[in-house]
Amino acid sequence: MRSHARHASTRAPAAGLLAVLLTLAACGSHGSTGGSGGTGPLTFAVFNPFSGKDASFGPEQLAGCIPAAAAINAAGGILGHTKISCKTSDSRGDPADAVPAAEALIATTSSLVGVLGPSSDEASATVPLFNRAHIPMFGDTGQAVFNQSSFKYFYRITPPDDAVGYAMAVYAHQKGYATAAAVFGNDISSQGSLGTVVAGFKKLGGKIVLVQSIPLDLSSYRTEVSALAAAHPSVIFTEADPQTSATYFAEVKQLGHLGPFIGTDGTTQPPWLKAVGNAVGTANLKRFYVGAQPYAPTTGATYQLWLAQIKAVSHQVTQPASQWYGDSYSMAAWDSINLMALAMEAAKSTNPVVFRPWIVKVATPSPGAVVVHNFAQGKTALSHGKTIQYVGATGLISFDRWQNSPGAFSFVTSDGSTKVATYTAAQISSAK
Amino acid sequence: MTSSLFVQSIGFGLVTASILALASVGFTLQFGVSNILNLAYGDIMTACAFAGYAVNQAGGSIPESLAAGAGCGALASVLLNRYLYRPFVRHGTKLFGMVVVTLAVGIIVQNILLGAYGATFFSYNFSTGRQVHFLGMVFDTSQLMIIGLSVVAMILVQLLLTRTRLGKAMRATAANPSLAQASGIATDQVTDLAWLLSGALCGLAGVVLVLNTSAFQSTTGNDFLVIIIAAAMLGGVGRPAGAMAASVVLGVVTEVAAGFITPSFKEVIAFGVLVVVLLFRPTGIFGQGATVKEIPT
């Protein structure tokens with residue numbers, strides 16, 4: 001009993017101290033986050049999977065954050081804050097891990113002014129947390145539920161998954177494929193575009209001969225592949241995690257049925273291309289595969305600005321750095337940081353509550369607005385009393401009332417960057 | 001589902017069963033001898049797949065990669081048991097505590113692999129060989145190799161356990177370690193040898209798994225762990241022969257279910273079978289009476 005009482009008596013002040021520290025941390029994150037009046041560091045968090053099945057998402061976002069932060073620092077920082085940095089927070093691609101990670105990020109990062117993420121894996125669970133903490137976030141989630149969400153702090157400048165499905169249907173239709181099979185992983189992330197690719201392809205006159213939702217990461221899919229072969233599709237629409245896709249398509253090849261397949265934007269990432277390329281052979285992947293991805297121009301002055309900035313910090317991003325040069329998600333992440341930083345400059349505050357409404361304003365055209373393509377240009381224009389319109393590496397950013405800017409789609413080959421077709425949002429809508 | 005697809009799916013199920021048998025027999029041996037539910041098992045499989053991959057990338061053949069995987073698994077398992085798990089047991093850690101310890105070890109191994117190899121995917125350089133048609137089933141040469149390897153390994157394990165002094169000592173240690181020790185059996189050495197053998201099976205399973213999946217990463221083995229445990233449970237935990245039979249049941253049922261119903265439900269059907277069997281036979285297909293016991297120190 002005495003021992004127990006002594007433990008209790010020492011725990012009480014410790015618990016009190018912990019409570020005070022947590023309260024202080026929480027106050028720091030909810031108050032004048034980033035310290036609008038001070039000159040302390042400002043932090044952008046990359047809240048995405050860095051481990052687990054979608055571990056490639058985090059490095060992709062980070063590859064946009066690091067060059068943007070470095071360029072902002074080189075331009076003298078934001079409102080006297082001269083140390084802008086990127087912090088990673090691993091959601092592990094699982095809501096069970098993501099929720100405590102998000103809570104810890106919010107509670108312990110008093111300088112947090114913006115988030116890149118969350119991804120589809122954890123968005124439903126964590127968007128409300130960041131929204132409640134008044135942290136602006138640029139989600140790379142494709143979930144259609146965020147097409148018209150009421151979360152004031154949620155922004156998205158990459159297309160939703162359902163748009164990917166329609167774009168794939170349009171591409172297949174234009175290529176003249178009459179019949180198709182849809183092979184998708186049975187996880188939330190992969191299922192996002194299944195419904196729309198099926199509906200869109202049917203709307204355009206195509207016939208869906210088989211729909212397979214396959215469990216992830218099994219040792220074999222030969223029975224499913226045999227069923228696919230029996231259905232004789234002229235093209236396969238697909239998304240699953242890299243290992244699942246590699247196993248599946250390796251078995252399609254082994255059974256002698258490899259033909260054209262069109263992947264979602266989830267398939268255009270280097271790990272997927274590497275895994276499936278190894279499984280079916282790079283020559284086969286080059287011959288039969290195209291993948292949809294949000295359109296981002298890989299020529300022009302803005303692209304050159306992005307390219308120069310990421311090359312300047314190439315040693316700090318996941319290697320090889322060249323994999324990110326034409327990556328539209330990394331470019332979107334770069335744009336997102338620039339938008340938030342310029343919004344702070346325009347609002348003359350680093351407090352998210354104050355600068356949040358300016359995120360849309362700095363991207364919106366207005367009479368007399370100076371078109372700018374990076375943070376330094378925007379900061380200079382604002383300092384001269386001009387209004388600005390940010391047009392980024394991903395092109396024109398046009399937010400709708402739900403703070404989504406869906407943009408266009410391109411289809412790329414197995415190198416992840418060679419474009420074979422590009423469709424505007426209007427063209428894609430023909431499949432809806 | 002056509003009759004030809006039904007027959008084919010049985011063949012595909014046998015390939016899955018072969019991989020599962022290698023893994024689940026190793027898993028159940030560890031539990032049988034030590035009463036430790038080793039949740040790091042899947043991650044050791046992955047580590048050994050990487051060991052085999054290193055040999056393969058250095059120009060080694062697939063048999064050499066398999067040998068490297070088996071060696072990796074044997075060594076890692078013995079060291080893990082002797083220098084980590086056993087000290088915990090000697091300090092009085094009970095069944096549930098050991099489950100948490102093994103889970104932690106698995107996470108550590110997984111993250112070491114992630115740190116060492118990155119979040120990307122790897123594939124062995126090998127040819128799957130030509131297709132072989134047999135009784136309406138279709139295999140490629142590499143799958144026949146996997147089936148053959150598994151059959152040989154299972155026969156050897158069964159012979160070892162039933163026909164040798166070591167096997168009898170293992171079974172005696174599994175049944176009652178105190179009595180086995182009192183009867184003059186060096187239970188520590190027997191346990192080491194059991195972990196050596198089960199670890200070799202674990203390593204072999206890791207390599208054949210990633211040969212069949214064509215691509216793997218730091219989480220691949222762990223993804224397979226649930227079905228390994230299911231096979232061990234279905235066969236009667238600690239019963240290698242049961243694990244073999246259960247692997248065939250689960251392997252074939254999952255593939256036939258994928259063809260008959262929908263691929264989404266292939267695991268649901270497999271685990272449904274597990275639940276139904278355990279409902280009527282709680283100790284599994286080959287289980288004999290209640291086997292709950294504390295971890296032997």
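Predicted model: local features only at pLDDT ≥ 70, side-chain atom pairs only at ≥ 80, totals over all residues.
Me: What makes up the contact between domain 1 of chain A and domain 2 of chain A?
Reply: Domain 1 of chain A supplies 15 residues to the contact, and domain 2 of chain A supplies 16 residues. On the domain 1 side, helix α13 (residues 328-347) of chain A gives the most, with three residues. That side of domain 1 divides into three nonpolar, eight polar and four charged residues.

Me: Why is α2(A) called roughly perpendicular to α12(A)?
Reply: Two packed helices are described by the angle between their axes and the distance between the axes. Helix α2 (residues 57-74) of chain A packs against helix α12 (residues 301-312) of chain A at an angle of about 90°, and their axes are 9 Å apart. Angles of 65 to 115 degrees count as roughly perpendicular. The angle falls in that range, and therefore α2(A) is roughly perpendicular to α12(A).

Me: Which residues of α2(A) and α12(A) meet?
Reply: From α2(A) come A63(A), P67(A), A70(A) and A71(A), which meet Q309(A), I310(A) and A312(A) of α12(A). By class, this contact has six nonpolar residues, one polar residue and no charged residues.

Me: How do you know that the largest nonpolar core lies between domain 1 and domain 2 of chain A?
Reply: The core has 217 residues, and C65(A) and A167(A) touch the most other members. Both domain 1 and domain 2 of chain A give residues to this core, so the core lies between them.

Me: Which residues does A167(A) touch, not counting residues up to four places away in sequence?
Reply: A167(A) touches A292(A), F409(A), Y423(A) and I428(A). For a contact, the C-beta atoms, placed from the backbone, must lie within 7 Å.

Me: What makes up the side of chain B that touches chain A?
Reply: The contact takes 32 residues from chain B and 30 residues from chain A. Helices of chain B that each supply at least two residues to that side include α1 (3-34), α8 (187-213) and α11 (240-260). The most comes from α1(B), with seven residues. The residues on this side of chain B divide into 13 nonpolar, 14 polar and five charged.

Note on methods
Residues numbered from 1 in each chain as written. Chains lettered and ligands numbered in written order. Contact = placed C-beta atoms within 7 Å. Helix = DSSP H or I, 4+ residues; strand = E, 2+ residues; numbered from the N terminus. Nonpolar A, V, L, I, M, F, W, Y, C, P; charged D, E, K, R; others polar. Axes fitted to C-alpha atoms, helices over the stretch in contact; angles between N-to-C directions. Parallel < 35°, antiparallel > 145°, perpendicular 65-115°, else oblique. Core = buried A, V, L, I, M, F, W, Y, C linked by C-beta atoms within 7 Å. Buried ≥ 20, exposed ≤ 12 C-beta atoms within 10 Å, placed from the backbone. Domains from an automatic or database assignment.
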